[in-house]
Amino acid sequence: MEPIPSVDRHQELREAVRALCARFDSAYWQRIDAERGYPEAFVDALTGAGWLAAMIPVEYDGSGLGLTEASVIMEEINRSGGNAGACHGQMYNMGTLLRHGSEAQKRAWLPSIAAGKLRLQSMAVTEPSTGSDTTRLATTAMRQGDRYIISGQKVWTSRLQHSDLMIVLARTTPLAEVKRRSEGMSVLMVDLRDALSGAHGGMNVRPIANMVNHETNEVFFDHLEVPVENLIGEEGHGFRYILDGLNAERTLIAAECIGDGYWFVDRARRYASDRVVFGRPIGQNQGVQFPIAETYVEIEAANLMRFHAASLFDAGKPCGAEANMAKLLAAKASWEAANVCLQTHGGFGFACEFDVERKFRETRLYQVAPVSTNMIFSYIAEHVLGLPRSF
Ligand SMILES: Cc1cc2nc3c(=O)[nH]c(=O)nc-3n(C[C@H](O)[C@H](O)[C@H](O)COP(=O)(O)OP(=O)(O)OC[C@H]3O[C@@H](n4cnc5c(N)ncnc54)[C@H](O)[C@@H]3O)c2cc1C
């Protein structure tokens, strides 16, 4: 069968990423999923080829590409049947360092990240007691001389065990002492090798077994010392820095969902064309083909919003609404496509060897993380449509 047509730009980039992904077949991802393992060989190959350094500027030894190209890389991983969730953190976490870090910090970390010697895969924002209400987070980082002392707890901190550096959002000024809830939080770069050694206070990590093969953890900070040189940007402005990075994160996740969506549509149409029941291919029945066609339409539409958001971001223009809408539309479309693909496969959709059930689980995550669908509706209602603030 011919590849399914899609809003298809950056053909050369796509083909290069596709060639790399082709070395990691279905059996590879099935094995990693069954073992609840980390796709080390895949991430190493991606890093070695320079794809995870796509957004690092050339002066720090990266490729100096934009969010658009980075999103194409992420899309292709998922479109090939893989899972970019194992490594997408590096693409967007780095943006925080890039946009708000000092020259000394960029020189210290970016070339090593670009060379694959350091991984910046992890970002700890979510907390168990406050969830989506980020401005009420309870983890504190109190300055004592040339150190910040971090105490508190995070949850769902992903890829920590496969990262060297982690971005942490913590309160540096108590909530009672700030004018606005969004003030008084700061971003600190935690060197995980140091933190986990126990040499400068405590940090304990407890993995969370979950529905997807996604390495994610509870993290307990017990007076962990971090040098003040690791403060990113200015103290007290961390929430804004994290929000800045979220537009990139949402656009990249949208691209991954779109990659998933095309994968589901492709698998569904192939199966529907081959599987013969009642003497004809099941795809000849409109009850089977229409839902596949419908999800394809939705993915194509979401894809346009994704490219729109990415191009605004790359032009340095505001893109909060577009990035949120792209993420919402893409996550919804990929989930619908997952459901249709599973239904099209009948019982075989549940068999691990078809990959459908794995991708079904993987794509479901994106209606909840990194931001849940209701939070996007709330953002659009309040900030785009001017409706009264609900919380
Ligand atoms: C596998 C996985 C990986 C993750 N990785 C990371 C990571 O690396 N770093 C990190 O910081 N976080 C991470 N997260 C956390 C993720 O960002 C949060 O789970 C998500 O933002 C939702 O927060 P919550 O789980 O606390 O849900 P809650 O805030 O408790 O919300 C629960 C539900 O209620 C809804 N809700 C809450 N308040 C309202 C309201 N006012 N109006 C309408 N609906 C509302 C929400 O939309 C949601 O559906 C990860 C989560 C998962 C599952």
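Trainee: How do helix 10 and helix 12 cross in this one?
Mentor: In this predicted model, the axes of helix 10 (residues 320-344) and helix 12 (residues 373-384) come within 10 Å and cross at roughly 150°.

Trainee: And is that crossing left-handed or right-handed?
Mentor: Helix 10 passes helix 12 in a left-handed crossing.

Trainee: Which residues meet there?
Mentor: On the helix 10 side you have G320, A321, N324, M325, K327 and L328. Helix 12 meets them with T373, I376, Y379, I380, H383 and V384. Sorted by class, this contact has seven nonpolar residues, four polar and one charged.

Trainee: Nice. What about helix 8 and helix 11, how do they sit?
Mentor: The axes of helix 8 (residues 238-274) and helix 11 (residues 356-364) come within 11 Å, crossing at roughly 150°. An angle over 145 degrees counts as roughly antiparallel, so that is how helix 8 and helix 11 run relative to each other.

Trainee: Which hand does the crossing of helix 8 and helix 11 have?
Mentor: Left-handed. Helix 8 brings C257, D260, W263, F264 and R267 to the contact, and helix 11 brings V356, K359 and T363. The classes here are four nonpolar, one polar and three charged residues.

Trainee: Switching to the ligand: which residues come nearest?
Mentor: There are 22 residues around the ligand, and G131, S132, W156, S158 and S372 come nearest. The elements that give two or more residues to this shell are strand 1 (122-124), strand 3 and helix 12.

Trainee: Which element gives the largest share?
Mentor: Strand 3, with three residues.

Trainee: How does the shell divide by class?
Mentor: Twelve residues are nonpolar, ten are polar and none is charged.

Trainee: Now the backbone. Where's the cis peptide bond?
Mentor: Look from A369 to P370, where omega is near -5°. P370 lies in the loop between helix 11 and helix 12.

Trainee: Where do D61 and R159 lie?
Mentor: D61 lies in the loop between helix 3 (40-48) and helix 4 (67-79). R159 has its place in the loop between strand 3 and strand 4.

Trainee: Is R159 buried or exposed?
Mentor: R159 is buried, because 25 other C-beta atoms lie within 10 Å, and 20 or more is the cut-off for that.

Trainee: And how does D61 count?
Mentor: As partly exposed, because D61 has 16 C-beta neighbours inside 10 Å.

Trainee: Last one. Where does H162 lie?
Mentor: H162 lies in the loop between strand 3 (147-158) and strand 4 (165-171). With 18 C-beta neighbours inside 10 Å, H162 counts as partly exposed.

Trainee: Which residues is H162 in contact with, leaving aside its neighbours within four places in sequence?
Mentor: Those are Y38, R119, Q121 and E215.

Trainee: How far is H162 from I113, by C-alpha atoms?
Mentor: The C-alpha atoms of H162 and I113 are separated by 13 Å, and the two residues are 49 residues apart along the chain.

Notes: Residues are numbered from 1 along each chain as its sequence is written. This is a predicted model: local features need pLDDT of at least 70, side-chain atom pairs count only at pLDDT 80 or more; totals for chains, interfaces and linings use all residues. Axes are lines fitted to C-alpha atoms, for helices over the stretch in contact, and angles run from 0 to 180 degrees between N-to-C directions. Helices (H or I, at least four residues) and strands (E, at least two) are DSSP runs, numbered from the N terminus. A crossing is left-handed if the near helix is turned anticlockwise from the far one by less than a right angle, and right-handed if clockwise. Two residues are in contact if their C-beta atoms, placed from the backbone, lie within 7 Å. Ala, Val, Leu, Ile, Met, Phe, Trp, Tyr, Cys and Pro count as nonpolar, Asp, Glu, Lys and Arg as charged, and the others, Gly among them, as polar. A residue is buried if 20 or more other C-beta atoms lie within 10 Å of its own, exposed if 12 or fewer, and partly exposed in between; C-beta atoms are placed from the backbone. A residue is near a molecule or strand if its C-beta atom, placed from the backbone, lies within 6 Å of it. Angles under 35 degrees count as roughly parallel, over 145 as roughly antiparallel, 65 to 115 as roughly perpendicular and the rest as oblique.
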